[in-house]
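Dear colleague,

I am passing on the structure that we spoke of, with its sequence.

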Amino acid sequence: RVFENGRFELAGGFSDTSTLTSELTDSGLFSTNRSRISYNLAPSYTYYYSPELIFSVNGSVNDVEFEDSNETGFVNYTNYVFGANTTYFISDRTAYTAQVYRTIFDTPDTNSRTESVTYQVGFNYDYSDTTAITFSIGNIHSNIEFESEMIRVITNQGFVSQTVPAEINEN
């Protein structure tokens, strides 16, 4: 749905697919088809404050369950992602970006959970209609908990990324 200065989008899906087991040593099941049921939902809202400044928030939930997960070695999980980002255009081809994301990966069958927060700022330059240069720098903070083992791991990881995707047109 499009509003005066914004746009709301909602995507979702369901799938029931077959997957092959490869757990011979633990379960005795090898190359056996098992059902993998997945549900997902992803809302987002983008607000156009001005032609130069755009804000957006988004989220997604993906829930996956396997048939006979306790016998096959497959692990049921739920993945959540929540984010916010902004883009500021300083020209038609150049923009600054800032993003923050929170990710939760939960596996209730194994009593483990991973939570991460990512902060990122970047710069985008569209050199031409087919070539763009992107640079970003950020930090990922993760907290991994295995409740059954009473182990807790916390990591901080900085990153720098740069890409120069290009499309080559042969004339």
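Residues are numbered from 1 along each chain as its sequence is written, and side-chain values use heavy atoms, with hydrogens and water left out.

On confidence, the protein chain has an average pLDDT (the predictor's confidence in each residue, from 0 to 100) of 81, and 74% of the residues score at least 70. Among the elements (DSSP runs numbered from the N terminus, helices being H or I of at least four residues and strands E of at least two), the highest mean pLDDT, 96, belongs to strand β4 (residues 77-89), and the lowest, 58, to strand β8 (residues 151-163). Over residues 166-171 the pLDDT is below 50, and this stretch has four contacts in the model beyond near neighbours in sequence, a contact meaning heavy atoms within 4.5 Å. Where pLDDT is low, the predicted coordinates should not be read in detail.

As for the overall make-up, the protein chain has one helix and eight strands, arranged from the N terminus on as β-β-β-α-β-β-β-β-β. Of its 171 residues, 23% count as buried, where buried means under 20% relative accessible area, exposed over 50% and partly exposed in between (1.4 Å probe, protein chains only). The chain exposes about 11500 Å², of which carbon and sulfur atoms supply 54%; these areas come from the Shrake-Rupley method with a 1.4 Å probe, and for residues only the protein chains shown count as cover.

A search of the whole structure finds seven aromatic pairs; rings of Phe, Tyr and Trp (its six-membered ring) pair if their centres lie within 6.5 Å, with planes under 30 degrees apart counted as stacked, over 60 as edge-to-face and the rest as tilted. Phe14 and Tyr39 form a tilted pair, at 5.2 Å centre to centre and 45 degrees between the planes, and this pair links distant parts of the chain, with Phe14 in strand β1 (residues 6-20) and Tyr39 in strand β2, 25 residues apart. The pair of Tyr49 and Phe55 is edge-to-face, because the planes stand at 75 degrees, with the ring centres 6.5 Å apart.

On the surface, Phe8, Leu10, Leu41 and Val61 form a nonpolar patch with about 340 Å² of accessible area together. Patches are made of residues with over 30% relative accessible area and no salt bridge, like charges being joined within 9 Å and nonpolar side chains (Val, Leu, Ile, Met, Phe, Trp, Tyr) within 5 Å. Leu41 lies in strand β2 (residues 33-48) and counts as partly exposed because its relative accessibility is 45%.

The structure holds four salt bridges, each a side-chain nitrogen of Lys or Arg within 4 Å of a carboxyl oxygen of Asp or Glu. One of them joins Arg7 to Glu9, with the closest N and O atoms 3.0 Å apart. Arg113 forms a salt bridge with Asp106 at 3.8 Å between the closest N and O atoms, and Arg113 also meets Glu115 in a salt bridge (2.7 Å, N to O). Salt bridges that share partners join Arg102, Asp106, Arg113 and Glu115 into one network.

With best regards

Terms used
Predicted model: local features only at pLDDT ≥ 70, side-chain atom pairs only at ≥ 80, totals over all residues.
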